[in-house]
Amino acid sequence: MRLERRLFLEPLGAQARDRLRALLSSLKTDAPLAPVTIIVPTTYAGLDLRRHLGREGLANVRFMVPPRLAELLGAPTLVAQGKRPLTSLVRAAAVRAVATDATGSLSRHRDNPALHHTLRATFQDLRQAAPDA
């Protein structure tokens, strides 16, 4: 199996779709079902491209957003350190656990979706803050 890595940066649109279709067609001439992964800026961009390529008959193309790529590339290092990537499922479970353990005036809002949303936003803000903040 041949493993190639190529990087193309192109604004989304008809020209990018056509270039991607041509590139994939040239890569898959010998093996039409060979897997190919495309990094896209958003999930919706990936869905749009998947539908477009599906109409063109191109198969076994996976679309991935950069955070997912980072998770896949970084996972072995995290596992070696006894850690694991913070997935959206783990993040949601942490928010639920914090909300469930809320005390004082927040205790009556444990099941309020607004509290969960605020906790997620706060965790995201803290994640992006400098370590000494």
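**Strands and their crossover**

Guide: Strand E1 has a covered face, made of Val36 and Ile38, and an uncovered one, made of Thr37 and Ile39. The model is a predicted one, in which local features need pLDDT of at least 70, side-chain atom pairs count only at pLDDT 80 or more, and totals for chains, interfaces and linings use all residues. Residues are numbered from 1 along each chain as its sequence is written, and side-chain values use heavy atoms, with hydrogens and water left out.

Visitor: In which sense do E1 and E2 pair?

Guide: Helices (H or I, at least four residues) and strands (E, at least two) are DSSP runs numbered from the N terminus, and two strands pair if DSSP finds at least two bridges between them. Here E1 and E2 pair in the parallel sense, over four bridges. Thr37 stands opposite Arg62 in E2. From E1 the chain crosses through helix H2, residues 43-55, to E2, in a right-handed β-α-β crossover. Right-handed means that, with the strands pointing away from the viewer, the path from the first strand over the helix to the second runs clockwise.

**Burial and contacts**

Visitor: Is Met64 buried or exposed?

Guide: A residue is buried under 20% relative accessible area, exposed over 50%, and partly exposed in between (1.4 Å probe, protein chains only). Met64, in strand E2, has 5% relative accessibility and therefore counts as buried. Contact means heavy atoms within 4.5 Å. Not counting residues up to four places away in sequence, Met64 touches Thr37, Ile38, Ile39, Val40, Leu69 and Leu72.

Visitor: Which residues is His52 in contact with?

Guide: Leaving aside neighbours within four places in sequence, His52 is in contact with Arg17 and Asp18. His52 belongs to helix H2 and is buried, because its relative accessible area is 13%. Leu73, by contrast, lies in helix H3 and counts as exposed, at 62% relative accessibility.

**A backbone angle**

Visitor: What is the phi of Asn60?

Guide: Most residues other than glycine have a negative phi. Asn60 has a positive phi of about 60° although it is not a glycine. Asn60 is found in the loop between H2 and E2, and counts as partly exposed at 43% relative accessibility.

**Pockets**

Visitor: How much space lies in the largest pocket?

Guide: On a 1 Å grid over the protein atoms alone, a pocket is an open set of points where a 1.4 Å probe fits, with protein on both sides within 12 Å along at least five of seven lines; lining residues have an atom within 4 Å of a point. Grid points are joined across faces, edges and corners, and a volume is the space filled by probe spheres set on the points. In this model the largest pocket holds about 1400 Å³. Of the 38 residues that line the largest pocket, Arg6, Val36, Thr37, Ile38 and Ile39 are the closest to its centre. The largest share of this lining, eight residues, comes from H1.

Visitor: How do the residues of that lining divide?

Guide: Ala, Val, Leu, Ile, Met, Phe, Trp, Tyr, Cys and Pro count as nonpolar, Asp, Glu, Lys and Arg as charged, and the others, Gly among them, as polar. The lining of the largest pocket has 25 nonpolar, three polar and ten charged residues.

Visitor: What volume does the second largest pocket have?

Guide: The volume of the second largest pocket is about 190 Å³. H3 gives the most to its lining, with five residues.
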